[in-house]
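Reader: I'm new to this one. Please take me through its main features, starting with the pockets.

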Amino acid sequence: MIAQYTEADLKEISNDQLSVKYYGRSLTALNGLLNMFGKEWIEKELIVYHISDESIIKILGKAKLYSGISSLERLVFLWEDIELLKNLPGYNELHEKLKTNIRFDNVDLEISITADIIRCQGEVELEPSVGNGFCDFRVKTLKSEAWVYGEISRRNNSKAKTDIEEKGNVLSELVSQINPNRHCVILILKNIDENEYSKIVTWLQSNPEEGSLDDLAIFFTAPLSTDVTSKAFEYISAPITVRQSGNVHKGTFGSVYFHIPDKGAKSKLNEKKKQLPNKDTGLLFIDLTNVAGGFTDWEEQIKFKNPIKHISSIILLRDGVHSTGFKREMKIIVNHKSNNALTESAKKLLDNLLNLAKQDKNLMQ
């Protein structure tokens with residue numbers, strides 16, 4: 001028999017941040033998932049580091065470090081979502097995906113959204129057939145109305161995200177070395193191409209004086225203890241990414257404020273349009289948590305014209321952990337040119353989902 005999780009385990013797993021009043025709820029969830037998927041599956045989600053050095057184990061009194069309350073909350077919420085879905089036709093396919101891991105083929109997102117739809121009084125069917133394939137779900141809120149079909153997707157790693165990491169690291173490292181003992185800052189004023197990026201790199205390598213490079217960038221310095229954010233936002237606005245580099249021994253510190261937009265909207269729409277039926281109301285949910293520019297990048301790209309006139313609405317999502325717990329942001333973009341206009345009940349369902357998303361989830365003290 002598998003050893004069950006205990007209250008002592010919860011204290012350790014949550015770094016003693018779990019509210020005592022949620023112990024019962026959390027134990028039900030962890031032990032339910034334990035019986036479904038096993039301890040190794042759970043610990044892949046909870047443990048961030050296994051310690052092998054005996055001396056360190058002796059000092060810490062444990063051989064593993066947990067990621068804390070946010071990972072525990074995620075598993076508790078997953079279990080409660082599964083409880084709403086597990087008896088529905090089609091759930092077995094989601095269950096098989098979960099066996100691989102929580103994020104396999106976006107199964108966590110599928111489970112979360114369809115469970116929330118049920119919380120909003122939707123009648124859900126999972127994995128219904130559409131033409132020669134399947135979409136993620138269909139829903140109706142009244143027994144007599146037609147089905148609304150839904151497809152759920154996630155924007156994962158993109159070239160923009162990779163460029164932000166690589167170019168951000170290069171620029172912040174270069175600017176940090178221009179003036180030792182000062183906080184050196186470069187602001188990239190617009191979306192730049194490869195030639196413009198190379199021009200900025202060359203400029204920073206020349207150890208420039210404070211000032212600007214054409215319409216591309218501004219460079220300034222400030223005392224190391226100064227918060228430069230307010231000055232930076234005199235010249236630029238969100239969405240923005242900040243990357244920082246420095247060497248405490250050499251007294252160098254630099255920041256770069258810039259943004260590289262994600263251009264994946266068109267390809268994602270083309271990829272998913274075939275999953276929704278041509279003659280029924282269709283909703284496309286896209287999670288943009290991993291897109292640095294969030295909704296702004298994609299809203300500007302989404303233009304409803306042929307060949308996606310059959311999609312009724314796109315719902316953009318962003319998940320995050322805030323001081324008050326897990327929160328999901330939603331942006332509903334209605335396709336007013338759709339051949340399959342949103343029904344009033346579908347609009348009401350989306351409004352209810354939007355209101356539900358505004359509620360913070362928190363198991364902390």
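**Pockets**

Reader: Which element gives the largest share of the lining of the largest pocket?

Author: H5 does, with eight residues. This is a predicted model, where local features need pLDDT of at least 70, side-chain atom pairs count only at pLDDT 80 or more, and totals for chains, interfaces and linings use all residues. Residues are numbered from 1 along each chain as its sequence is written, and side-chain values use heavy atoms, with hydrogens and water left out.

Reader: What counts as a pocket?

Author: An open set of points on a 1 Å grid over the protein atoms alone, where a 1.4 Å probe fits, with protein on both sides within 12 Å along at least five of seven lines; lining residues have an atom within 4 Å of a point.

Reader: How many residues line the largest pocket?

Author: The lining has 35 residues. Arg-74, Phe-77, Asp-319, Phe-326 and Arg-328 lie nearest the centre. Two or more lining residues each come from helix H5 (69-85), helix H7 (107-119), strand E14 (313-322), strand E15 (325-334) and helix H13 (344-357). Helices (H or I, at least four residues) and strands (E, at least two) are DSSP runs, numbered from the N terminus.

Reader: And the second largest pocket, which residues lie nearest its centre?

Author: Lys-190, Asn-191, Ser-237, Pro-239 and His-259, out of 19 lining residues.

Reader: Back to H7. Is that helix mostly covered or mostly exposed?

Author: Mostly covered, as 11 of its 13 residues are buried (under 20% relative accessible area; exposed is over 50%, partly exposed in between, with a 1.4 Å probe and protein chains only). Among the buried residues of H7 are Val-107, Asp-108, Leu-109 and Glu-110. After H7 comes Gln-121, which has a positive phi near 70°.

Reader: New topic, strands. Which strands pair with E12?

Author: E8 (residues 183-188) pairs with E12 in the parallel sense over five bridges. E11 (residues 241-247) pairs with E12 in the antiparallel sense over seven bridges. DSSP must find at least two bridges for two strands to pair.

Reader: What stands opposite Val-256 in E12?

Author: Ile-186, and also Arg-243. E12 itself covers residues 252-258, and six of its seven residues are buried. In the hairpin of E11 and E12, four residues sit between the strands, and Gly-251 takes a positive phi near 70°.

Reader: How many salt bridges does the structure hold?

Author: It holds 25, each a side-chain nitrogen of Lys or Arg within 4 Å of a carboxyl oxygen of Asp or Glu. Lys-272 and Glu-151 form one at 3.2 Å, N to O.

Reader: What about Glu-194 and Lys-167?

Author: Their side chains meet in a salt bridge at 2.5 Å, N to O. Glu-194 lies in helix H9 (residues 194-205) and Lys-167 in helix H8 (residues 159-176), so the pair ties together parts 27 residues apart in sequence. Glu-194 counts as partly exposed at 42% relative accessibility, while Lys-167 is buried at 11%.

Reader: Which residues are linked in a network of salt bridges?

Author: Glu-45, Arg-74, Asp-108, Arg-154 and Asp-287.
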